[in-house]
Amino acid sequence: MHPTLFRATAVSCLTLLASGCAVVPGDPYYDPPRTVYTQPGPVYSSPAPIYSTPAYPAYPSTTVVPVPVPVPSYGYGSRYDRDRDYDWRERERERERWRAQRDYDSRMQREQNERLQRERQQAWQAQRDQAQREQAQRQAQREQMERERRQREESARRPPPQIDRGDRSGPPIIWRDRSRAENAN
């Protein structure tokens with residue numbers, strides 16, 4: 001046999017054994033069960049009658065009435081159940097308190113955000129109005145300066161006004177000299 005064929009066969013056999021595909025005869029794990037259990041009868045049957053003869057001979061009973069055995073109530077209505085119910089109610093109350101607090105906090109946060117946004121909007125509007133007022137004031141100053149400049153230019157272009165001397169045809173009167181002349185007399 002060729003060595004690689006031999007190796008491949010050995011590896012495949014070991015793999016089959018390791019994976020559990022090869023069953024060894026007599027292995028109890030793979031043998032079918034030897035005993036078959038039958039289904040038991042009803043677990044609970046009606047109890048035996050308590051009184052087979054009438055309890056009170058004055059009132060003879062013709063039929064026997066079986067008294068049912070009460071179903072065991074393990075833990076039902078016990079202190080454990082009351083505590084468990086109380087704990088559950090407390091947890092529910094705590095959840096409700098937490099939800100109410102969360103809703104209150106989120107509402108307060110939302111109101112605070114809205115208030116801050118309103119204040120920012122008002123501050124922005126006030127700045128905008130102030131900027132518009134300042135711009136209007138600067139525009140008015142520019143217009144005033146322009147009017148004054150035009151007036152100066154216009155006055156510079158015009159000839160000086162002629163002084164009407166009236167019926168005096170002589171030299172102009174120098175008031176300083178005239179006042180000295182009057183005081184000298």
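At 64% relative accessibility, arginine 157 counts as exposed; exposed is over 50% relative accessible area, buried under 20%, and partly exposed in between, using a 1.4 Å probe and protein chains only. All views come from a predicted model, in which local features need pLDDT of at least 70 and side-chain atom pairs count only at pLDDT 80 or more, while totals for chains, interfaces and linings use all residues. Residues are numbered from 1 along each chain as its sequence is written, and side-chain values use heavy atoms, with hydrogens and water left out.

**View 1. Arginine 157 meets glutamate 153 in a salt bridge.** Here a salt bridge is a side-chain nitrogen of Lys or Arg within 4 Å of a carboxyl oxygen of Asp or Glu. The N to O distance for this pair is 3.9 Å. Both residues belong to helix α2, 4 residues apart, about one turn of the helix.

**View 2. Glutamate 153 also pairs with arginine 149.** Their closest N and O atoms are 2.5 Å apart. Again the spacing is 4 residues in helix α2, about one helical turn. Glutamate 153 is partly exposed at 34% relative accessible area, and arginine 149 is partly exposed at 32%.

**View 3. Salt bridges join into a network.** Take a step back and you will find Glu146, Arg149, Arg150, Glu153 and Arg157 linked together.

**View 4. Arginine 97 and glutamate 94 form a salt bridge of their own.** The N to O distance is 2.6 Å. These two side chains sit 3 residues apart in helix α2 (residues 79–157), about one turn of the helix. Arginine 97 is partly exposed at 46% relative accessibility, and glutamate 94 is partly exposed with a relative accessible area of 46%. By the rule given in View 1, the count comes to 9 salt bridges.

**View 5. The protein chain has 3 helices and 0 strands.** Helices (H or I, at least four residues) and strands (E, at least two) are DSSP runs, numbered from the N terminus. The order from that end is α-α-α. Of the 185 residues, 1% count as buried. The accessible surface, from the Shrake-Rupley method with a 1.4 Å probe, comes to about 18700 Å², with 56% of it belonging to carbon and sulfur atoms.

**View 6. Confidence is highest in helix α2 and lowest in helix α3.** pLDDT is the predictor's confidence in each residue, from 0 to 100. Helix α2 has a mean of 91, whereas α3 (residues 175–184) has a mean of 56. For the protein chain the mean is 76, and 53% of residues reach 70 or more. A friendly reminder: where pLDDT is low, the predicted coordinates should not be read in detail.
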